[in-house]
Amino acid sequence: MRDDAVVTSTGHEIRANSVLPAARESIELVTDDGLRLVGELALPQDVPPVGTVVFVHPLPIAGGMMDSHLLRKAAWRLPALADLAILRFNTRGTTSAAGTSEGQFEAGEGEGQDLAAAVRYVADRGLPVPWLVGWSFGTDVILRHPEISPVAGAVLLSPPLRFSTPENWQQWRASGRRVQAFIPEHDDYVKPEQARQAL
């Protein structure tokens with residue numbers, strides 16, 4: 001074992017760019033307004049998934065995409081480590097190595113249709129217990145569209161609260177679904193105390 005590697009309880013050796021076994025497939029999502037979006041679904045290789053994570057990436061006009069490192073590494077590892085299905089996709093007008101999704105950036109409004117298409121795909125495939133996980137801009141997309149279902153809840157990573165409002169947060173809370181936000185102490189956009197006041 002190399003000095004920079006970590007061995008998990010499942011016996012997998014993890015390094016910076018480790019890709020663990022999974023059944024990965026390129027997918028296409030179709031939105032209600034007729035756009036075709038590129039994406040990937042990663043499934044546990046030998047067992048049914050126990051849950052599903054739908055990722056929404058950071059701000060595309062600042063370089064965010066489905067291959068942003070946190071999302072990519074989750075898709076590389078969580079199917080093997082946690083028996084999770086991982087769906088990631090490029091929102092409208094976004095490009096990554098997987099290709100370019102049709103459409104153009106719509107500041108979190110049209111992207112709600114993109115997220116709805118992803119959740120519909122999960123339901124059509126019969127994948128269990130879908131959770132939404134947004135990172136940065138992705139949190140705004142999730143917060144702005146609490147009507148999207150079926151989802152068990154949402155995890156918000158570094159929410160900038162740029163395209164969403166406190167009212168959106170209240171709508172999520174009123175839905176009865178769990179929402180958990182993680183705000184780093186030295187976040188570039190919103191500090192924990194600001195988030196407490198806003199949310």
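**H2 against H3.** I looked up which residues touch here: Glu111, Gly112 and Leu115 in H2 meet Phe137, Val141 and Ile142 in H3, where contact means heavy atoms within 4.5 Å. Those contact residues split into four nonpolar, one polar and one charged (Ala, Val, Leu, Ile, Met, Phe, Trp, Tyr, Cys and Pro count as nonpolar, Asp, Glu, Lys and Arg as charged, the others, Gly among them, as polar). H2 covers residues 111–125 and H3 residues 137–144, and they pack at about 80° with axes 9 Å apart. So I call H2 and H3 roughly perpendicular (65 to 115 degrees).

**Ground rules.** I am working from a predicted model, with pLDDT of at least 70 needed for local features and 80 or more for side-chain atom pairs, while totals for chains, interfaces and linings use all residues. Residues are numbered from 1 along each chain as its sequence is written, and side-chain values use heavy atoms, leaving out hydrogens and water.

**H1.** Buried residues in H1 include Leu71, Trp76 and Arg77 (buried is under 20% relative accessible area, 1.4 Å probe, protein chains only). The buried residues of H1 pack against several strands, among them E2 (13–14) and E9 (130–135). After H1 comes Asp83, with a positive phi near 55°.

**Arg177.** I found Arg177 in the loop between H4 (166–174) and E11 (178–182). Arg177 is buried, at 16% relative accessible area. Its contacts include Pro146, Gly153 and Trp172. The C-alpha atoms of Arg177 and Gly153 are 5.0 Å apart, though 24 residues separate them along the chain.

Notes: Axes are lines fitted to C-alpha atoms, for helices over the stretch in contact, and angles run from 0 to 180 degrees between N-to-C directions. Helices (H or I, at least four residues) and strands (E, at least two) are DSSP runs, numbered from the N terminus. Angles under 35 degrees count as roughly parallel, over 145 as roughly antiparallel, 65 to 115 as roughly perpendicular and the rest as oblique. Buried means under 20% relative accessible area, exposed over 50%, partly exposed in between (1.4 Å probe, protein chains only). Lists of a residue's contacts leave out its neighbours within four places in sequence.
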